[in-house]
Amino acid sequence: MVPSVCFIGLPGSGKSTIGRQLARNWGVEFVDSDLVLERRLGCSIKDYFAAHGEQAFRDAEAEVLADLARGQSACVLSTGGGAVLRAENRAVLHANTTVFYLQSSPEDIARRLRNDTSRPLLQGEDPLKRLRDLLVVRAPLYEETAHFVIDTVRCSTAQVVRKVTMQA
Ligand code: S3P
């Protein structure tokens with residue numbers, strides 16, 4: 001079995017954009033775990049969060065990640081920003097895929113997502129502070145899960161794709 005490649009990082013760090021481009025370059029399937037999850041849940045993540053709360057969302061997310069990471073054919077997998085919060089997810093991703101952490105800055109991300117209303121954890125008055133808080137908690141978890149850390153600060157998509165390609 002060829003190991004899959006997986007992207008982790010904060011919401012808005014480019015996991016789907018970079019992953020889609022690399023999958024195209026390598027001729028393999030691109031899978032966005034959030035989209036798979038939405039299909040299984042039958043509604044948007046935002047609506048699911050509102051109706052059932054974060055813990056129910058994390059339970060469903062863990063099931064999807066385990067299924068995708070253990071999938072039989074190679075793919076490029078983009079994960080939700082909170083995928084690393086559970087130890088079981090960190091373990092299954094690290095053991096079954098080559099994991100790239102797209103390290104970004106809260107400032108870059110806040111600029112990129114300033115008109116985005118789809119991410120429940122970033123709604124509210126001060127998304128930049130929220131991103132900084134998320135990073136404090138998650139940075140060690142992203143680093144622990146990753147095989148490679150890719151610094152994306154002030155990089156174009158093409159530059160990030162090149163950096164990942166050099167490591168993969
Ligand atoms: C989340 C990130 C989202 C999505 C959900 C929770 C998080 O994915 O899974 O809203 O906890 O950071 P993206 O990282 O693709 O935005």
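This is a predicted model: local features need pLDDT of at least 70, side-chain atom pairs count only at pLDDT 80 or more; totals for chains, interfaces and linings use all residues.
Trainee: Why is Arg154 called exposed?

Mentor: Arg154 has 9 other C-beta atoms within 10 Å. Numbering runs from 1 along each chain as its sequence is written.

Trainee: Where does Arg154 sit, then?

Mentor: Look in the loop between β5 (148-151) and α8. Helices (H or I, at least four residues) and strands (E, at least two) are DSSP runs, numbered from the N terminus. Arg154 also has a phi near 55°, which is positive in a residue other than glycine.

Trainee: What makes Glu61 buried?

Mentor: Glu61 has 26 C-beta neighbours inside 10 Å, so it falls in the buried class. Glu61 belongs to helix α4 (residues 54-69).

Trainee: Which residues does Glu61 touch?

Mentor: Leaving out residues up to four places away in sequence, Glu61 touches Leu37, Gly80 and Ala83. In contact means that the two C-beta atoms, placed from the backbone, lie within 7 Å. Leu37 is 24 residues from Glu61 along the chain, and their C-alpha atoms are 6.6 Å apart.

Trainee: And why is Arg119 called partly exposed?

Mentor: Arg119 counts as partly exposed because it has 18 C-beta neighbours inside 10 Å. Arg119 lies in the loop between α6 (106-112) and α7 (127-145). Ser16, in helix α1 (residues 15-26), is partly exposed as well, with 18 other C-beta atoms within 10 Å. Among the contacts of Ser16 beyond four places in sequence are Asp32 and Ser78.

Trainee: How do you know which residues UniProt lists for "binding site"?

Mentor: That comes from an unreviewed UniProt entry, which lists Gly12, Ser13, Gly14, Lys15, Ser16, Thr17 and Arg119. Positions follow the numbering used here, feature names are shortened, and annotations may be inferred rather than shown by experiment.

Trainee: Which residues are around the ligand?

Mentor: Pro11, Asp34, Ile45, Gly80, Gly81, Gly82, Arg119, Pro120 and Leu121. Each has its C-beta atom, placed from the backbone, within 6 Å of the ligand. The shell divides into four nonpolar, three polar and two charged residues. Here Ala, Val, Leu, Ile, Met, Phe, Trp, Tyr, Cys and Pro count as nonpolar, Asp, Glu, Lys and Arg as charged, and the others, Gly among them, as polar.

Trainee: What makes a set of residues a nonpolar core?

Mentor: Buried Ala, Val, Leu, Ile, Met, Phe, Trp, Tyr and Cys residues must be joined through C-beta atoms within 7 Å. The largest one here has 30 residues, with Ile8, Phe100 and Tyr101 making the most contacts inside it. The elements that each supply at least two of its residues include β1 (4-8), α3 (45-52) and β4 (97-103). Tyr101 touches, among others, Ile8, Tyr142 and Val149.

Definitions and conventions: A residue is buried if 20 or more other C-beta atoms lie within 10 Å of its own, exposed if 12 or fewer, and partly exposed in between; C-beta atoms are placed from the backbone.
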